[in-house]
Amino acid sequence: MALTAVVRIPTRALLRPWARLRDSALGWMEPVGGVEVSTQRFGSQRVLVEPASAAGVAVMTFKNPPVNSLSLELLTELVINLEKLENDKTFRGVVLTSDCPGIFSAGLDLTEICGRNPAHYAEYWKAVQEMWLRLYLSNLMLVAAINGACPAGGCLMSLTCDYRVMADNPKYAIGLNETLLGIVAPFWFKDTLVNTIGHRASERALQLGLLFPPTEALQVGMVDRLVPEDQVQSTALSVLAQWMAIPDHARQLTKNMMRKPTADGLLKKRDEDIQNFVSFISRDSIQKSLQMYLAKLRQKKG
Ligand SMILES: CCCCC/C=C\CCC/C=C/CC(=O)SCCNC(=O)CCNC(=O)[C@H](O)C(C)(C)COP(=O)(O)OP(=O)(O)OC[C@H]1O[C@@H](n2cnc3c(N)ncnc32)[C@H](O)[C@@H]1OP(=O)(O)O
């Protein structure tokens, strides 16, 4: 269904983005001459993108049931939709969230890294790298609305955002738990965590594969705010409204200055990282660990 409508925002607000917040706070909604803002919903099978009611903001919702595992398809759709948002200069901020009840994302799709061939592992890992690079270096303001469990690759995805709001439900946990599966978080996962919670806390969390319940995640700095479950998305949107008050060029240059050196670490050796992944994941011992882990997950219900 096409929900095309056009809202006009005054050019002065686009030139001075921080003015938009003030204007809307004053109740300014008059469509006056200026730049067209598309309010059309778009997206794809697994990623829905909807413009939020605030100008310049979109909500990107992952819907890859049952657990939003990061399949090759989901990763590809995510990157395509992010690129669309970035190319549409009317968007300045995006909330990332999930459509799967109680789960933000279960991380990498284990069926993509278990029982496949080396060419598939290479293709998949390239897509994981691409997702991280695009999100981590995005010029857009990204806020993760973590409305459920957020292990491993799901946690990584949220760590690429500029701010994390998590549902205050002790049933949910967040963290890089790779060691529990007998696998190792690659250096760029580690770097992203270190940049967020510091070296000592990362070392402990990574070695032990810690999954933090919300209160501990807040204490360690893995998330920025806890709110009741039904307020996760609205809080994420109001955080974005605050960030929108900062002039884009200054914020973007600052973000790039903070993040580029970390991203360069991977950009300089993408191929080597793919080769490392393929040879690591293809080992019999690693495949056995993953099979056992998957079997345990599947047995849980039985
Ligand atoms: C020295 C050189 C080093 C180089 C190394 C390079 C790289 C190696 C590192 C690679 C990095 C990997 C990062 C990852 O993301 S690995 C994935 C880790 N994910 C997890 O551990 C999460 C596993 N899932 C869960 O804990 C739970 O499913 C849950 C998310 C908490 C949800 O629980 P619940 O609601 O109870 O749902 P179920 O457990 O019953 O699951 C439903 C259904 O979904 C299947 N499933 C769950 N998670 C995954 C997954 N990640 N991938 C694929 N499938 C998954 C689960 O098996 C159930 O399936 P069935 O309905 O068929 O039983």
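Buried means under 20% relative accessible area, exposed means over 50%, and partly exposed is in between, using a 1.4 Å probe and protein chains only. Keep that scale handy for the tour. What you have open is a predicted model, where local features need pLDDT of at least 70, side-chain atom pairs count only at pLDDT 80 or more, and totals for chains, interfaces and linings use all residues. Residues are numbered from 1 along each chain as its sequence is written, and side-chain values use heavy atoms, with hydrogens and water left out.

**Whole chain**

Start with a cartoon view. The chain has twelve helices and twelve strands; these are DSSP runs numbered from the N terminus, with helices being H or I of at least four residues and strands being E of at least two. Of the 302 residues in the chain, 49% are buried. Contact here means heavy atoms within 4.5 Å. Take the contacts with a separation of 6 or more: 74% of them join residues 24 or more positions apart.

**Stop 1**

Glu130 and Arg134 sit four residues apart in helix α4 (residues 118-136), so about one helical turn separates them. Glu130 is partly exposed at 22% relative accessibility, and Arg134 is partly exposed too, at 27%.

Glu83, Glu130, Arg134 and Arg270 are linked in a network of salt bridges. Across the whole structure, a search finds twelve salt bridges.

For another one, pick Arg116 and Glu112, whose side chains form a salt bridge at 3.8 Å, N to O. Which of these two is buried, and which is partly exposed? Glu112 is buried, with a relative accessible area of 5%, while Arg116 is partly exposed at 38%.

**Stop 2: helix α6**

Select residues 187-197, which is α6. Begin with Lys190 and Asp191: their side chains meet in a salt bridge at 2.7 Å, N to O. Lys190 is partly exposed, with a relative accessible area of 34%, whereas Asp191 counts as buried at 18%.

Colour the buried residues of α6 next: Trp188, Phe189, Asp191, Thr192, Leu193 and Ile197. What covers them includes α4, α5 (152-159), α7, α8 (214-220), α10 (248-267) and α11 (270-282). Step past the end of the helix and you land on Gly198, whose phi is positive, near 95°.

**Stop 3: α6 against α7**

Bring in α7, residues 199-208. Two packed helices are described by the angle between their axes and the distance between the axes. The axes of α6 and α7 come within 7 Å and cross at roughly 135°.

Show side chains at the contact: Lys190, Leu193, Val194 and Ile197 in α6 meet His199, Ala201, Ser202, Ala205 and Leu206 in α7. These residues divide into six nonpolar, two polar and one charged. Nonpolar covers Ala, Val, Leu, Ile, Met, Phe, Trp, Tyr, Cys and Pro; charged covers Asp, Glu, Lys and Arg; the others, Gly among them, are polar.

**Stop 4: α11 against α12**

Select α11 and α12 (residues 284-299), whose axes come within 5 Å and cross at roughly 70°. That makes α11 roughly perpendicular to α12. Phe280, Ile281 and Ser282 of α11 make the contact with Asp284, Ile286, Gln287 and Leu290 of α12.

**Stop 5: two loop residues**

Go to Asn177, in the loop between β11 (174-175) and α6. Is Asn177 buried or exposed? At 4% relative accessibility, Asn177 counts as buried. Leaving out residues up to four places away in sequence, Asn177 touches Pro151, Ala152, Gly209, Leu211 and Tyr293.

Finish at Asp230, in the loop between β12 (225-227) and α9 (232-243). Asp230 is exposed, with a relative accessible area of 67%. Draw a C-alpha to C-alpha distance from Asp230 to Asn147: the two are 83 residues apart in sequence and 8.6 Å apart in space.

Note on methods
Axes fitted to C-alpha atoms, helices over the stretch in contact; angles between N-to-C directions. Salt bridge = Lys/Arg side-chain N within 4 Å of Asp/Glu carboxyl O. Parallel < 35°, antiparallel > 145°, perpendicular 65-115°, else oblique.
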